[in-house]
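Let's take a walk through this structure, with an eye on where the charged side chains end up and who they pair with.

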Protein chains: 2
Amino acid sequence: MTSNLSSHNGAGVVTVPVKVSFKAQMLQAREDAIVEAVNRLLAEKGFDLMTVDQVAAEVGIAKASLYKHFPSKEDLAAAAMVRVLARAKTMLASLPANVPPIDQLKAVVRWMMRLQLAGEMPSLPSQNSSLRATLMANRAYLDGLLQVSDHIGGWIEAAQADGSLNPALPPILVLYTVYSRACDPVLEFMQSTGQHSDEEIVEFVVTTCFDGLRK
Amino acid sequence: MTSNLSSHNGAGVVTVPVKVSFKAQMLQAREDAIVEAVNRLLAEKGFDLMTVDQVAAEVGIAKASLYKHFPSKEDLAAAAMVRVLARAKTMLASLPANVPPIDQLKAVVRWMMRLQLAGEMPSLPSQNSSLRATLMANRAYLDGLLQVSDHIGGWIEAAQADGSLNPALPPILVLYTVYSRACDPVLEFMQSTGQHSDEEIVEFVVTTCFDGLRK
DNA sequence: GTCTATAGACCGATAGAC
DNA sequence: GTCTATCGGTCTATAGAC
């Protein structure tokens, strides 16, 4: 899968740094596999119903090896959240800049909902205190969340300034309303009826979110 | 609280059925206390974090006594859901009939959100399969849910017919969107900022729900 | 031969069930 | 009040790389 820089290398003196790099690559690759598995399981079952044994089984490694990478179940979840925040940042940066802020916001909401419908959006309980403590102590998580929120917050203020978003609503309410589309149970319910495609559901909810239920 | 038919009854022959009735009343009263405690704990911690020991402690009875009333933790949760559905039915019936359907719907949404803000709305995970199985096997729950949904569904169709609700939206989507206000994390987030009163938050979310984020 | 990582048994705590 | 199952977390013996 990855090129082995140390294979067939006759010079002993240079094998030492190369070996370390190869090992580090392996570790990194496995860590990625772990976080991806955690992400998937968190989306499928949620934090409470996900067990670390399942994570180990999904990755195909021993549970003890998991604890070489992450000190606790909470840190596993935090890593998954950091991962989605990183994906969000990439997505935000890739959006074309020359469109109205309201359309940027819609694009963000669509992206979140597609992630949820694809079963790639981790779901964490807002009540678990040990999990909250771990998240709040995680610099990468807080940084990522702040950056994403700032980015979206800028569009919210711009959209309120140009009149395309209701200026009477507190920006923080708009931000939370956007975020909550990532865990909207309506998506799952509509999907379970089997009456509409994922893209239809996304457009329905974008409509209810931005234009409301009213005509 | 309830009239005790057996008190000061000198005739021994008739005390037997009366005594049974008294016992039944006591059982019923305790069952009500249990379900109310479960309701409160479900709202506070959610199903997974609520333990049966906490319920027993809250009611002030032994855990074994709980299992005389309800065969499992899932059935406790089901009883709490039946209770809120009954309260919902009462609320629906008490609404004045001579107002536009759109305002009936708004009243329903306001009632749900006030219940959540008051910490009286049980929160169940949509992933727990054993819980789902118990709910789907519970006739009282299914009946209650169907009746409430029918009642609200009638208003949705009426509101779409009179043009106050977007007729392009599937009624089931509107129903789910209304229901999801009962577990909207935006309420809790806005409450935690401490910037707005509960009633302000309710009106904000009613606005975003029916009129959307747009101006 | 040494060192590391792994697999899988194991432990303590907790919760549901009766 | 006890029994059992499960889960988060740890420990140890071993396999394999160098």
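Start with B:E120, which is partly exposed at a relative accessible area of 30%. This is a predicted model, so read every distance here as computed from predicted coordinates. The partner of B:E120 is B:R87, and the two form a salt bridge with their closest N and O atoms 3.1 Å apart. The pair links distant parts of chain B: B:R87 sits in helix α4 (residues 73-94), B:E120 sits in the loop between α5 and α6 (129-136), and 33 residues separate them in the chain. B:R87 is partly exposed too, with a relative accessible area of 31%.

Now hop over to chain A. Here A:R40 and A:E58 form a salt bridge, with the closest N and O atoms 2.7 Å apart. A:R40 belongs to helix α1 (residues 12-45) and A:E58 to helix α2 (residues 52-59), so this pair ties together parts of chain A that lie 18 residues apart in sequence. How accessible are these two? A:R40 is partly exposed, at 32% relative accessible area, and A:E58 is partly exposed as well, at 39%.

Helix α2 of chain A has another link to look at. A:D53, in that helix, pairs with A:K63 in helix α3 (residues 63-69), 10 residues apart. Their side chains meet in a salt bridge of 3.5 Å, N to O. A:K63 counts as partly exposed at 35% relative accessibility, and A:D53 is partly exposed at 46%. Over all chains, the structure holds 16 salt bridges.

Next, a charged residue with another story. What does a buried glutamate such as A:E74 do without a salt bridge? A:E74 lies in helix α4 (residues 73-94) of chain A, and the nearest side chain of opposite charge, A:K73, is 6.7 Å away. Instead, look at A:S130: the side chain of A:E74 makes a polar contact with the side chain of A:S130, at 3.0 Å. Leaving aside residues up to four places away in sequence, A:E74 touches A:F47, A:S130, A:L131 and A:T134.

The contact involves 45 residues of chain B and 46 residues of chain A. Between them the chains bury about 3,800 Å², with 66% of that on carbon and sulfur atoms. B:Y176, B:L213 and B:R214 supply 20% of the area that chain B buries against chain A, more than any other three residues.

What about polar links across the interface? There are 2 salt bridges between chain B and chain A, along with 8 residue pairs in polar contact, both residues at pLDDT 80 or more. B:R214 turns up again here, forming a salt bridge with A:D211, the closest N and O atoms being 3.6 Å apart. On the side of chain B that touches chain A, the elements giving two or more residues are α1 (12-49), α5 (101-117), α8 (171-180), α9 (185-193) and α10 (198-210). Sorted by class, that side of chain B has 20 nonpolar, 15 polar and 10 charged residues.

How values were computed:
Residues numbered from 1 in each chain as written. Chains lettered and ligands numbered in written order. Predicted model: local features only at pLDDT ≥ 70, side-chain atom pairs only at ≥ 80, totals over all residues. Heavy atoms only, no water. Helix = DSSP H or I, 4+ residues; strand = E, 2+ residues; numbered from the N terminus. Buried < 20%, exposed > 50% of the residue type's maximum accessible area, 1.4 Å probe, protein only. Lys, Arg positive; Asp, Glu negative; His and termini not counted. Salt bridge = Lys/Arg side-chain N within 4 Å of Asp/Glu carboxyl O. Polar contact = N/O pair within 3.5 Å; in protein donor to acceptor, adjacent residues only side chain to side chain. Contact = heavy atoms within 4.5 Å. Buried area = accessible area lost by both parts, 1.4 Å probe. Nonpolar A, V, L, I, M, F, W, Y, C, P; charged D, E, K, R; others polar.
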